[in-house]
Amino acid sequence: MTTTTVTTTDEILLELVDEQGRTIGTAEKLSAHQAPGRLHRAFSVFLFDAQGRMLLQQRALGKYHSPGVWSNTCCGHPYPDEPPFVAAARRTAEELGEAPVRLEAAGTVTYDLPDEASGLVEKEYNHLFVGAAATAFIPNPEEVGDTAFVTPAELAALRAEKPFSVWFGTVLDAALPTIRTAFPGAGW
């Protein structure tokens with residue numbers, strides 16, 4: 001028996017993966033994030049300015065997941081069969097109005113993190129990228145509520161007073177070795 005998958009223009013499919021990151025199928029975006037969650041491919045981008053300050057974004061209030069919280073420069077999900085590097089550059093341009101000036105792979109990290117505020121689950125095989133931000137960008141207000149370039153000390157202070165995405169600490173810790181190599185004098 002042949003099964004046909006019907007999608008609507010509003011439906012976004014994610015690539016489901018096994019623990020080694022091998023594609024095993026697809027699922028609709030929201031269903032993949034509903035408890036208990038389904039392991040899927042994602043990416044996280046960390047961009048920096050010439051002084052080595054990290055570009056953070058506050059997620060727009062209209063986002064269905066983690067609205068209004070601070071997070072890394074950009075994060076998202078590749079479309080099925082889309083290379084994560086391509087997806088990271090594409091999505092950064094969609095959110096910030098400019099693609100990264102430079103972008104390099106920084107490894108992967110897998111996590112299973114429930115978000116108590118939304119009831120959703122971040123169960124992701126996440127490809128990490130580090131690079132340089134464009135000097136001028138215009139954030140898409142449907143995606144980004146605010147942006148800030150921060151030093152390590154400013155990040156620590158902001159994390160102490162504002163809510164951050166449930167994945168931020170995990171992806172930052174995993175990306176730090178590449179961040180420190182790419183921006184050695186910035187104190188990361």
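Guide: A helix here is a DSSP run of H or I with at least four residues, and a strand is a run of E with at least two. The model is predicted.

Visitor: How many helices and strands does the protein chain have?
Guide: Read from the N terminus, the order is β-β-α-β-β-β-β-α-β-β-β-α-α. The totals for the protein chain are four helices and nine strands.

Visitor: How does the radius of gyration of the protein chain stand against the globule rule, and what is its value?
Guide: The globule rule gives 16 Å for 188 residues. The chain comes close to that, so it is as compact as a globular protein of that length. Its radius of gyration is 16 Å.

Visitor: What share of the residues counts as buried?
Guide: Buried means under 20% relative accessible area. The protein chain has 188 residues. The buried share is 48%.

Visitor: What share of contacts joins residues at least 24 apart?
Guide: Take the contacts between residues at least 6 apart in sequence. Of these, the share joining residues at least 24 apart is 67%.

Visitor: How far apart are the mean positions of the positive and negative charges?
Guide: The chain carries 14 positive and 24 negative charges. Their mean positions are separated by 3 Å.

Visitor: What does helix α2 reach from its first C-alpha to its last?
Guide: Helix α2 covers residues 84-96, which is 13 residues. At 1.5 Å a residue, 18 Å is expected. The reach is close to that, at 18 Å.

Visitor: Which elements are included in the cover over the buried residues of α2?
Guide: The buried residues of α2 include A87, A88, R90, R91 and L96. What covers the buried set includes β3, β4, β6, β7, β8 and β9.

Visitor: Which residue follows α2?
Guide: Its phi is positive, near 80°. The residue is G97.

Visitor: Is S66 buried or exposed?
Guide: S66 is in the loop between β4 and β5. Its phi is positive, near 55°, though it is not a glycine. Its relative accessibility is 5%, so S66 is buried.

Visitor: Is D81 buried or exposed?
Guide: D81 lies in the loop between β6 and α2. Its phi is positive too, about 70°, and it is not a glycine. Its relative accessible area is 72%, so D81 is exposed.

Terms used: Residues numbered from 1 in each chain as written. Predicted model: local features only at pLDDT ≥ 70, side-chain atom pairs only at ≥ 80, totals over all residues. Heavy atoms only, no water. Rg over C-alpha atoms; globule rule 2.2 N^0.38 Å. Buried < 20%, exposed > 50% of the residue type's maximum accessible area, 1.4 Å probe, protein only. Contact = heavy atoms within 4.5 Å. Lys, Arg positive; Asp, Glu negative; His and termini not counted. Charge placed at Lys NZ, Arg CZ, Asp CG, Glu CD. Expected span 1.5 Å × (residues − 1).
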